[in-house]
Amino acid sequence: MVYKFRVILDNEDDVFRDIAILDNDTLEDLHNAIFNSFGFDGMEVGSFYTCDDTWNQEDEISLFDSGDVLGEMKIMSDYLLSDILDKENRKIIYVYDFINMWTFLVELASIEESSAGATYPETIFSHGEMPDDSGEKNFLADEDEENYNEFEDDLDEDDLDMFSGDDSFEDYGFEENWN
């Protein structure tokens, strides 16, 4: 089977590519198809992130194993597209180049029979020109009041006045060590 993806650059401009790729290719193959389709040189790393239906980022799937124990972490080449994406789970986020943070919304548009003689992966449609930079990203955490004030101790600036004028602290001569 062939998976057809719409890969949309998360930017103000309308820039997207439609990519056809075999369902038994890996996420690493999709990574390669995306950076080639958008004209990157492939010299930077990227990661996929699973997400829910409203594009809320969940688990990272990286290109390389960066875990504490080598081989313990699953990477892009360990996942077949058909293992992670299907008719119910159609969305995944892709980030390329963690300095510039090129972010793409990747959605499985259709699953079709492969065409005889076709070569995959293939960019089947291209819309828009890549901007010079990825634009500014605003990463905002959910403002959950309960977690926001988790360490509230009911102290304010006036409470710190209790130490002013107190000469009972021993002088350890720290100034001497800085000469």
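# A walk around the chain

Start by selecting Ser47 and Ser62: in β4, Ser62 is the bridge partner of Ser47. What you have open is a predicted model, where local features need pLDDT of at least 70, side-chain atom pairs count only at pLDDT 80 or more, and totals for chains, interfaces and linings use all residues. Residues are numbered from 1 along each chain as its sequence is written, and side-chain values use heavy atoms, with hydrogens and water left out.

**Stop 1: the hairpin.** Now widen the selection to β3 (residues 46–51) and β4 (residues 57–62), which pair in the antiparallel sense over four bridges (pairing takes at least two DSSP bridges). Together they make a hairpin, with five residues between the two strands. Click on Trp55 in the turn and you'll find a positive phi of about 70°.

**Stop 2: zoom out.** Switch to a cartoon view of the chain. How many helices and strands are there? The chain has four helices and seven strands (DSSP runs: H or I of at least four residues for helices, E of at least two for strands, numbered from the N terminus). Trace the chain along its sequence and you pass β-β-α-β-β-α-β-β-β-α-α. Of its 179 residues, 32% count as buried (buried is under 20% relative accessible area, exposed over 50%, partly exposed in between, with a 1.4 Å probe and protein chains only).

**Stop 3: helix α1.** Select residues 27–37, which make up α1. Which residues here are buried? They are Leu27, Leu30, His31, Ala33, Ile34, Phe35 and Ser37. A handy thing to know while you turn the view: an α-helix has 3.6 residues a turn, so residues three or four places apart point the same way. Just after α1, pick Gly39, where phi is positive at about 85°.

**Stop 4: the salt bridges.** A search of the whole structure turns up two (a Lys or Arg side-chain nitrogen within 4 Å of an Asp or Glu carboxyl oxygen). Select Lys4 and Glu112, whose side chains meet at 2.7 Å, N to O. This pair links distant parts of the chain, 108 residues apart, with Lys4 in strand β1 (residues 2–9) and Glu112 in strand β6. Lys4 counts as partly exposed at 24% relative accessibility, and Glu112 is partly exposed too, at 33%.

Then show Arg6 and Asp18, which form a salt bridge with their closest N and O atoms 2.6 Å apart. Because Arg6 sits in β1 and Asp18 in β2 (residues 16–22), the pair ties together parts 12 residues apart in sequence. Buried or partly exposed: what is Asp18? Asp18 is buried, at 13% relative accessible area, whereas Arg6 is partly exposed, at 32%.

**Stop 5: Asp97.** Finish in the loop between β5 (91–96) and β6 (102–112), where Asp97 lies. Asp97 counts as buried because its relative accessibility is 7%. Its side chain reaches the backbone nitrogen of Ile99 at 3.1 Å. Leaving aside residues up to four places away in sequence, Asp97 touches Glu44, Val45 and Trp102 (contact means heavy atoms within 4.5 Å).

Key
A polar contact is a pair of N or O atoms within 3.5 Å; within protein, one must be able to donate a hydrogen and the other to accept it, and residues adjacent in sequence count only if both atoms are side-chain atoms.
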